[in-house]
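Dear colleague,

I am handing over the structure below, and after it I set out what was found in it. Please read the notes alongside the coordinates.

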Amino acid sequence: MYQFSGIDHVQLAAPKGCELEAKRFFQGVLGMEEIEKPTELQKNGGIWFRCGHQQLHIGVEDPFQPAKKAHPAFYVKDLQSLRAHIKKQNVDVIDDNRLPGYNRFYIYDPFGNRMEFLEKK
C-alpha cells in the first residue's frame with residue numbers, strides 16, 4: 001500500500017518576464033535561496049527557490065491570473081521577526097487569528113498570489 005511521504009514543491013504562477021521581480025521578492029525580501037532549474041526546464045521561464053526542505057517554484061502562466069484564495073502556507077520559526085522584516089520592506093501584512101493554536105498572517109506576492117505564514121503558539 002502506498003503512503004505519501006511529503007511535499008517536494010509548491011508552484012505559484014506568474015506572468016511572462018517575472019523572473020527578476022520574483023528574485024527580488026522571494027530572495028531579496030523573504031530571504032529564500034534561489035536554486036537552479038534543470039536545463040531542460042529553463043526554456044519554460046520561471047524561477048525556483050528553496051524553502052526549508054521543500055521548494056517553491058514560480059512558473060510562467062500565459063495568460064496569467066493570480067491565486068487569490070488558493071495558497072501555500074509556510075511554517076516559520078520566529079514568525080514575528082519575519083512579520084517585522086516584511087513590513088520594513090513595505091509589504092502589506094494581513095494578520096489572522098482564526099486558527100486556534102497558531103499565529104499567522106497573509107501577504108500577496110508581487111504578482112497578486114496569496115501566501116500564508118504560520119507558527120505554533
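Just after α3, N90 takes a positive phi of about 60 degrees. This is a predicted model, in which local features need pLDDT of at least 70 and side-chain atom pairs count only at pLDDT 80 or more, while totals for chains, interfaces and linings use all residues. Residues are numbered from 1 along each chain as its sequence is written, and side-chain values use heavy atoms, with hydrogens and water left out.

Helices (H or I, at least four residues) and strands (E, at least two) are DSSP runs, numbered from the N terminus. Within α3, which spans residues 79–88, L79, L82 and I86 are buried, where buried means under 20% relative accessible area, exposed over 50% and partly exposed in between, with a 1.4 Å probe and protein chains only. These residues cover an arc of only 60 degrees around the axis, which puts them on the same side of α3; the arc is that of the directions from the helix axis to the C-beta atoms. An α-helix has 3.6 residues a turn, so residues three or four places apart point the same way. The buried residues of α3 pack against β7 (102–108) and β8 (114–120), contact meaning heavy atoms within 4.5 Å.

**The four-stranded sheet**

An open sheet of 4 strands, with mixed pairing, has the order β1-β4-β3-β2, two strands being paired if DSSP finds at least two bridges between them. Because β1 (9–14) and β2 (33–35) stand at the edges with a single partner strand each, one side of each is left without a neighbour in the sheet. Neighbouring strands of this sheet are turned against each other by 30 degrees on average, direction ignored; axes are lines fitted to C-alpha atoms, for helices over the stretch in contact, and angles run from 0 to 180 degrees between N-to-C directions.

Strand β4 (residues 54–60) pairs with β1 in the parallel sense over 6 bridges, and in this pairing L12 stands opposite I58, while A14 stands opposite V60. On β3, which runs antiparallel to β4 and is joined to it by 5 bridges, W48 has H57 of β4 as its bridge partner. The hairpin of β3 and β4 has 2 residues between the strands, and G52 takes a positive phi near 65 degrees there. Since 5 of the 7 residues of β4 are buried, that strand is largely enclosed by the rest of the structure.

With kind regards
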